[in-house]
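Please keep the sequence and the coordinates open while working through them.

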Amino acid sequence: MTKLSVNINKIATLRNSRGGNVPNVLSAALACERFGAEGITVHPRPDERHIRYQDVYNLKANIQTEFNIEGNCQEQKFIDLVLANTPTQVTLVPDALGQITSNHGWDTIKHKDYLKEMVKLFKNEGIRVSIFVDPVEDMVEAAAETGTDRIELYTEAYAAEFGFNKEEAIAPYFKAALKAREVGLGLNAGHDLDLNNLAYFNQHIPGLLEVSIGHALIADALYLGLEETIKRYLAALK
Ligand SMILES: CC(=O)[C@@H](O)[C@H](O)COP(=O)(O)O
Ligand SMILES: NCC(=O)COP(=O)(O)O
């Protein structure tokens, strides 16, 4: 079954809007685990506008499920943070500085040698590595040549197209998933997945191991409560 990793960036965004410690990021992560989440994802950005580097240490010391840290390994601060916290998984995302949110995957052909070095660095510390990629077969194939364990398919395009034409929306992801299987890569996915589009994605993508979901899930929790929300996302992944 596909694992649900809850991205708690938005809890930190709310906390930071007032200073202080409400809502408490660690308590929220522990609640997600209690309600059935199989992992916690954070995406610390260099400006620490949501998850702060100190949050990562607090989370690492307390959570029991899979810990996934996403971010840009071109920042030395990010590399140091990941190595100091040895999460279950690091997801390498090529964000520009000040970007509002992630908006593209790695060009694994152009940056293959660099990514090889990064993958080796993290894998040597026993950290599983995933590379964020667009659903393009050539990118998946080149990702495999870096030695990464997994890729994460960037699902923004799927989410945007889903309401118009689900078959077209899923088609490139299906092909990318088949390619991942062929070249021996584990498969994750994330970005803009929600209660409308998740079950269809999960049912049509072979070998999907994990989804990381934050924005929509935390928004749903405002209306439904965190426990009921996580229950519904888990049901969509059955
Ligand atoms: C890699 C990815 O798709 C997510 O991590 C997303 O970028 C969340 O980051 P923000 O919460 O900063 O939008
Ligand atoms: N890797 C994707 C992620 O962690 C959450 O993305 P989103 O659900 O906040 O769009």
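**Exercise 1.** Identify the residues that surround ligand 2 and the polar contacts listed for Glu-152, Gly-214 and His-215.

Solution. Ligand 2 is surrounded by Asn-7, Thr-41, Glu-70, Glu-152, Gly-190, His-191, Asp-192, Ser-212, Ile-213, Gly-214 and His-215, where a residue is counted if one of its heavy atoms lies within 4 Å. This is a predicted model, in which local features need pLDDT of at least 70 and side-chain atom pairs count only at pLDDT 80 or more, while totals for chains, interfaces and linings use all residues. Residues are numbered from 1 along each chain as its sequence is written, chains are lettered from A and ligands numbered from 1 in the order in which they are written, and side-chain values use heavy atoms, with hydrogens and water left out.

The next step is to look for polar contacts (pairs of N or O atoms within 3.5 Å; within protein, one must be able to donate a hydrogen and the other to accept it, and residues adjacent in sequence count only if both atoms are side-chain atoms). A nitrogen atom of ligand 2 lies 2.6 Å from a polar side-chain atom of Glu-152. Backbone atoms also take part: an N or O atom of Gly-214 is 2.8 Å from an oxygen atom of ligand 2, and a polar backbone atom of His-215 is 2.9 Å from an oxygen atom of ligand 2.

**Exercise 2.** Find which residues lie around ligand 1, and give the distances from its oxygen atoms to the side chains of Arg-45, Glu-70 and His-191.

Solution. The residues around ligand 1 are Asn-7, Asn-9, Lys-10, His-43, Arg-45, His-50, Glu-70, Val-93, Thr-101, Ser-102, Phe-132 and His-191. For Arg-45, a side-chain N or O atom is 2.6 Å from an oxygen atom of ligand 1; for Glu-70, the corresponding distance is 2.3 Å; and for His-191, a polar side-chain atom lies 2.6 Å from an oxygen atom of the ligand.

**Exercise 3.** Describe how α4 packs with α5, and determine the class of the residues in contact.

Solution. Helices (H or I, at least four residues) and strands (E, at least two) are DSSP runs numbered from the N terminus. Axes are lines fitted to C-alpha atoms, for helices over the stretch in contact, and angles run from 0 to 180 degrees between N-to-C directions. Helix α4 (residues 76–85) and helix α5 (residues 112–123) pack at about 25°, with their axes 10 Å apart. The two helices are therefore roughly parallel to each other, a term for angles under 35 degrees. In the contact (heavy atoms within 4.5 Å), Ile-79, Val-82 and Leu-83 of α4 meet Met-118, Leu-121 and Phe-122 of α5. By class, this gives 6 nonpolar, no polar and no charged residues, with Ala, Val, Leu, Ile, Met, Phe, Trp, Tyr, Cys and Pro counted as nonpolar, Asp, Glu, Lys and Arg as charged, and the others, Gly among them, as polar.

**Exercise 4.** Locate Pro-23 and Glu-48, and state the backbone feature of each.

Solution. Most residues other than glycine have a negative phi, and most peptide bonds are trans. The peptide bond from Val-22 to Pro-23 is cis, with omega near -5°, and Pro-23 lies in the loop between α1 (9–16) and α2 (25–34). Glu-48, although not a glycine, has a positive phi of about 50°, and its place is in the loop between β2 (39–42) and α3 (53–62).

Definitions and conventions
Angles under 35 degrees count as roughly parallel, over 145 as roughly antiparallel, 65 to 115 as roughly perpendicular and the rest as oblique.
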